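Here's a quick tour of a metal site and one of its neighbours. Have the model open while you read.

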Amino acid sequence: MFIGHFALGFAAKSVAPRVSLGTLFMAAQFIDLLWPTLLLLGLERVRIEPGATAVTPLVFEHYPFSHSLLAVLGWAVLLALVYGVFRRDRHGAVLLGALVLSHWGLDLLVHRPDLPLLPWGDVRLGLDAWSSLPLTLALEVPQFWIGVWLYSRSTVARDAAGRWGLWGLVLFLFAIHGVNLFGAPPPSVQAIAWAGQLQWLLVLWGWWVDRHRRALAPV
Ligand SMILES: [Zn+2]
């Protein structure tokens, strides 16, 4: 699941107009932003096995700190608290916490049963939509376009950067999704981890676009 998480970030703007799109992206994708660093530190493990699922060649062997439900709950509370304290925006804080949690819920739909419930123990869940490419596309692609549509109708461009920056971002995300699904498997775990770090640029891009658009009142 990739653009599905960004879809919820886009969609959330329609209910939290004060929160920047960059911050919404960061929350929706928070545990996948942590994961590359945990891989590089050797605290979490993934294996590349072409054909492991119909969609992704990645086998998630061990990721208790980023992707166990209990840890995700902790990250959600932490992010909500930090945002709430610094921004004095309780509504935004609650929404960001919910977005962090939503990541686990969306991953649950697509992953094989590899998502731990607790950082320790053997209970792992996953509904395995990745066993079918058409099913994965049917879940994620409409979700993405609905999210983009909600964002575009709850904000208006202030200038050309706000207009074209948004469509550039949308097309770029869609293109990455295509490469993830149809490109060659990544050459190494190191390559996955460093490419994963580049997702921070998507957060910055979202933040930049949002500064060039004006939020309309929620309808
Ligand atoms: Zn994830």
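Four donors are called tetrahedral if all angles lie between 85 and 135 degrees; four are square planar and six octahedral if opposite donors are over 155 degrees apart and all others between 65 and 115; anything else is irregular.

This is a predicted model, where local features need pLDDT of at least 70, side-chain atom pairs need pLDDT 80 or more, and totals for chains, interfaces and linings use all residues. Numbering starts from 1 along each chain as its sequence is written, and side-chain values use heavy atoms, without hydrogens or water.

On to the zinc ion: its protein donors are Asp32 (OD), His67 (NE2), His103 (NE2) and Asp107 (OD), 2.1 to 2.3 Å away. The arrangement is irregular because the four donor atoms subtend angles of 81 to 170 degrees. Along the chain, the donors are spaced D-x34-H-x35-H-x3-D.

| Residue | Relative accessibility |
|---|---|
| Aspartate 32 | 13% |
| Histidine 103 | 0% |
| Histidine 5 | 1% |

What does histidine 5 touch? Leaving out residues up to four places away in sequence, the contacts (heavy atoms within 4.5 Å) are Ala28, Gln29, Asp32, His103, Leu106 and Asp107.

Methods:
Donors are N, O and S atoms within 2.8 Å of the metal (3.2 Å for Na, K and Ca); water is not among the atoms, so sites may look incomplete. Buried means under 20% relative accessible area, exposed over 50%, partly exposed in between (1.4 Å probe, protein chains only).
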